Amino acid sequence: MKHKISLAALVGLLLLCQMAWAADDINLDVTEKTLSNGMQILVVENHMAPVMSTFVRFKVGGVNEHTGISGTSHLLEHMLFKGTKIIGTTDYAAESVLMKKIDSLAALLRDEKGKLHSKLLGGSEERAKALRDEIAKVQAEETKYVIKDELWGTYLKNGGSGLNASTSADGTQYYVSLPSNRLELWAFLESDRIANLQLREFYSERDVVREERRRSYETQPNGRLQEALIASANWSSPYAWSAIGWASDIENVMREDVEHYFHTYYSPSNAIAVVVGDVKADDVFAICEKYFGKVPATPAPPPVLTDNGPQMGERKIEIEFDANPSALIGWHMPEAGQADVAPLDLLSDILSAGRTSRFYKNIMEKKLGQVSASSSFSRFPSLFTCRVMPMGNHTVDEVLTAVYAEIDRLKTEPVTQAEIDKILAQTDADFVRSLASNNGIAFRLGDMQAVAGNWHYLLDYRQEMKKITPADIMRVAKTYLTKTNRTVVTLVKPASAGGDAAPKAGL
Amino acid sequence: MKKLYILLILIMAASVLTAAEKPAGEKISAGSKIMSGFKYKDITWSVPEVGREVQREVLDNSIIVYFMEDHRLPLVSIGAMLHCGEMYEPTERMAIPGLTGNVMRIGGTTHISADSLNLLLESLGINLQMSIGFDASNSGISCLTKDLETSVQIFADVLRNPAFPDDKLDLAKEQMRTMIKRRNDNVGGVVARELSHLIYGDNPYGRILEWSYIKGITRQDLAAYHSTYFVPNNLTLAVTGDFDKAKMKALLVKYLGDWAKKDVKLPDVPKIATAPKPGVYEIYKDLNQANIQFGHLGIDRNNPDRYAVNVMNWILGGGSFTSRMTSKVRSDEGLAYSVRSSFDPGSHDLGTFLASTETKNKTTHKAISLMLGEINRIRTEPVSDKELADAKDGFINRFVFNFTSADQIVGRLAALEFDKRPPDELKKYIDNIRAVTKDDVLRVAKQYLKPENLTFTVMGKLDDFEAPLDDLGKVIKIDLKPPVIE
């Protein structure tokens with residue numbers, strides 16, 4: 001029992017000690033440069049190992065789309081791996097002739113599909129099939145010029161690690177870690193795909209994305225919930241669809257539409273590159289000027305002005321899917337830069353970060369359910385969400401009741417300063433941990449530079465967090481976490497899937 | 001750091017490759033001609049070593065400690081590994097190790113209650129993780145430098161004196177019960193579980209956890225399990241970060257030095273029955289996409305062919321977009337988002353060869369046929385010079401990413417000893433990859449890929465498949481019963 005006293009005493013001491021923030025002493029040594037065409041470059045040197053992590057971000061995502069072209073940002077992200085006028089092809093000119101041919105056939109097919117939408121319009125399945133066959137024939141011809149996945153293969157054989165890209169509502173990012181002597185190769189390949197993109201193998205890639213949508217959304221209970229929530233809560237906000245886009249838009253979007261979208265949004269002034277690792281900032285700037293700098297400046301893309309009006313009452317949606325019940329709740333909340341974002345962020349941690357959080361103590365430890373709260377940090381007004389999974393034989397309604405009780409308590413009883421300090425201590429340590437890898441630094445800097453316009457807001461936001469009072473928490477709970485402002489999506493098993501007593505037999 | 005030569009040789013590998021790109025018939029892009037003119041300056045780097053970047057010591061009670069100081073951030077982390085795990089237990093006891101690890105974390109110690117412990121950890125931003133997995137316990141604590149002694153004290157206390165209170169055990173059991181109840185919700189999880197059970201049968205590698213094994217577990221079971229395996233002579237620590245090694249060692253001695261040794265004997269693990277179970281196992285669910293996974297037994301991790309097998313699998317389906325399966329099924333045909341194959345070497349026995357994809361129901365047969373076509377091709381024709389060179393260059397140039405942080409470096413070196421690997425395995429890795437030839441690739445493809453032994457597991461809306469799968473093997477329906485949780 002010899003440690004007993006010291007450990008217990010430590011808990012008491014915590015309440016007395018002045019918080020000292022480790023992250024405040026860290027010098028985040030970021031060097032910045034804006035190229036002549038408006039592209040922003042951030043560099044952090046770290047000479048631990050002869051490697052570097054790179055991150056290129058474009059401020060384009062689901063928010064820039066509209067129905068008809070939903071999912072285009074993500075499809076475009078796939079297309080940027082398909083090559084350029086000089087990568088992925090033996091003869092760009094010859095290939096372009098075939099691509100134009102496919103475009104005209106695809107336009108005819110689109111018109112035929114339009115007529116097939118109504119029996120009254122005289123569309124013909126035979127004509128549509130003939131056009132599909134003809135497109136497939138020209139596509140097959142095109143392959144003789146194609147060098148498959150040359151960009152991807154080049155990165156891999158040069159030691160590319162963690163190579164990938166992702167698209168969200170707010171942005172699109174391309175990332176790879178490489179041995180640090182591959183700096184020029186990286187700048188060449190990344191600038192080439194902005195300067196010389198060629199949308200080859202477009203229609204087969206559209207099919208790939210359609211399969212991705214089935215895989216990640218249509219066959220997954222959480223994907224179904226997420227998509228139903230954002231569509232139901234956002235009647236007129238650009239966050240109404242997921243980055244993958246609607247199924248029928250993926251199936252019908254045209255190559256020329258995507259090309260036009262690319263030219264609108266992939267302007268250098270809409271791009272940020274971050275390099276973290278065993279490099280010298282001046283070398284990075286010189287290489288970036290040489291390669292990215294020659295991409296011509298183009299006009300800034302148009303701003304997004306579509307917005308949700310105020311929600312006029314609770315929205316309740318039910319999704320039928322063959323899985324155990326669960327639910328997702330969303331409340332409207334403001335965009336990054338608004339004073340209420342940090343208090344909502346802290347509030348979400350008070351609810352569900354760690355084993356001393358309110359949801360864990362009062363819902364999980366009572367074996368009712370597992371609930372996590374999550375606040376947004378986004379370019380436009382978005383959602384504060386709670387994900388709800390009942391435990392054992394409890395129902396969704398029982399857990400929802402417990403969740404609402406916890407939220408109501410936030411509006412009537414102030415949280416304690418100790419609860420706030422505990423979250424601040426965790427975010428302080430987590431912030432330091434996030435700086436432990438090149439990758440982590442590159443992602444955080446690039447993301448903040450894109451969303452807030454300045455990476456330094458990473459540090460400013462921490463200062464905002466430290467000023468939050470219990471009264472702030474109560475105010476934002478009362479303002480945003482109301483019944484009128486919420487949308488609740490519940491996933492239930494369809495009767496046809498059978499209950500536990502009547503399992504679906506194999507055919 | 002001493003100037004060494006390993007990556008110098010890596011860089012040469014890339015220039016050799018450029019020459020290999022030239023054979024007639026290979027397509028060349030304008031961009032590749034530009035890139036072949038790039039000069040990469042040499043990088044001086046070598047595989048980190050014990051006695052150089054990393055220090056190793058053994059405490060008086062046989063705890064093995066690996067240290068690496070790294071003062072760039074005010075952080076310290078301590079990892080702990082012990083030999084034990086689910087693999088060593090008979091089926092009816094298979095849940096005990098996992099529960100023991102979980103309740104060590106959530107249950108507090110005999111000196112501090114769970115609630116006080118969690119409050120202390122969270123108020124200081126300390127991360128503590130405890131787990132006992134399939135074949136080892138892997139735990140760790142991460143803290144800011146200012147909380148170093150507190151963290152060592154807590155970690156030692158949790159490792160040595162867990163309380164295993166009944167209420168936390170009940171909570172952990174209820175979490176497992178919920179997990180079992182929900183395990184058929186995720187299509188990929190169902191197919192992987194059923195395939196593994198078909199390949200391994202009731203061997204620990206293929207067992208399926210049931211509520212009946214969990215229901216009756218008591219705190220005495222956990223306490224007995226803990227006291228059997230959590231002994232200092234079974235413990236390896238990996239310590240990295242912002243500390244002075246002598247002071248760190250003194251702290252470890254202070255909080256762990258009086259922990260008495262005790263004999264540990266790991267139970268024997270039943271050998272895997274190697275009889276294959278070819279066939280097509282179909283599971284019905286009303287989904288608009290089929291989940292397809294198939295495989296058979298593979299190699300163990302001491303197999304001298306493992307380097308050639310890795311290169312072969314990379315070309316077949318392990319190398320993402322540039323691998324043959326992905327190129328065919330995804331890029332050429334647009335049939336799937338993800339297509340892959342893997343040779344996962346077993347940690348103590350034979351691992352598996354697995355291949356998987358997802359495609360809309362009506363192209364299920366076609367997708368499988370294309371993947372099988374690639375398996376047959378790599379077994380009958382040598383790969384191209386370029387495929388071999390690209391794959392080997394990738395393995396060699398990527399190797400440095402195993403050693404980019406102190407945590408990674410110490411973790412790799414400590415695991416080498418913990419897993420009883422040859423001490424020079426990491427140092428020889430690049431030479432072993434470089435030695436792989438086209439003949440090796442063909443030979444190991446013939447030897448370790450056995451299409452006639454493949455077990456196929458497919459879940460989807462079976463009546464929408466464009467063709468029956470009976471040409472792949474005997475079709476057997478699996479009736480997915482709701483898990484029993486009462």
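Let's start in helix H7 of chain A, where A:Ser216 sits (helices, H or I of at least four residues, and strands, E of at least two, are DSSP runs numbered from the N terminus). A:Ser216 is partly exposed, with 17 other C-beta atoms within 10 Å. On the scale used here, a residue is buried if 20 or more other C-beta atoms lie within 10 Å of its own, exposed if 12 or fewer, and partly exposed in between, with C-beta atoms placed from the backbone.

Leaving out residues up to four places away in sequence, A:Ser216 touches A:Gly223 and A:Ile244 (a contact needs C-beta atoms, placed from the backbone, within 7 Å). A:Ile244 is 28 residues away from A:Ser216 along the chain, and their C-alpha atoms are separated by 9.3 Å.

## Ground rules

This is a predicted model, so local features need pLDDT of at least 70 and side-chain atom pairs count only at pLDDT 80 or more, while totals for chains, interfaces and linings use all residues. Residues are numbered from 1 along each chain as its sequence is written, and chains are lettered from A and ligands numbered from 1 in the order in which they are written.

## Loops of chain A

A:Asp91 is in the loop between helix H2 (72-79) and helix H3 (92-116) of chain A. With 14 C-beta neighbours inside 10 Å, A:Asp91 counts as partly exposed. A:Val284 is 193 residues from A:Asp91 in sequence, and C-alpha to C-alpha the two are 32 Å apart in space.

Two other loop residues have a backbone worth a look. A:Asp149, in the loop between helix H4 (125-142) and H5 of chain A, has a phi near 45°, a positive value in a residue other than glycine. A:Glu201 is not a glycine either, yet has a positive phi of about 50°; A:Glu201 lies in the loop between H6 and H7 of chain A. As for burial, A:Asp149 is buried, with 24 other C-beta atoms within 10 Å, and A:Glu201 is buried with 24 other C-beta atoms within 10 Å.

## Two domains in chain A

Where the two meet, 21 residues of domain 1 of chain A are in contact with 14 residues of domain 2 of chain A. On the domain 1 side, strand S2 (40-45), strand S3 (51-58), strand S5 (172-179) and strand S6 (271-277) of chain A each give two or more residues. S3(A) gives the most to that side, with 6 residues. By class, the domain 1 side has 9 nonpolar, 9 polar and 3 charged residues (Ala, Val, Leu, Ile, Met, Phe, Trp, Tyr, Cys and Pro count as nonpolar, Asp, Glu, Lys and Arg as charged, and the others, Gly among them, as polar).

## Where chain A meets chain B

The contact takes 80 residues from chain A and 83 residues from chain B. Elements of chain A that each supply at least two residues to its side are helix H1 (4-16), helix H5 (150-157), S5, helix H6 (183-195), helix H7 (202-218) and helix H15 (417-434). H7(A) has the largest share of that side, 9 residues. The chain A side divides into 33 nonpolar, 21 polar and 26 charged residues.

## Helices H3 and H6 of chain B

In H3(B), 11 of the 11 residues are buried, so H3(B) is largely enclosed by the rest of the structure. Among the buried residues are B:Leu99, B:Met104 and B:Arg105. The buried residues of H3(B) pack against H4, strand S4 (127-129), strand S5 (137-144), H5, H6 and H9 of chain B. Just after H3(B), B:Gly108 takes a positive phi of about 75°.

Helix H6 (residues 166-181) of chain B has buried residues too, including B:Leu169, B:Ala172 and B:Met176. What covers the buried residues of H6(B) includes helix H3 (96-106), helix H4 (114-124), helix H8 (211-215) and helix H9 (219-229) of chain B.
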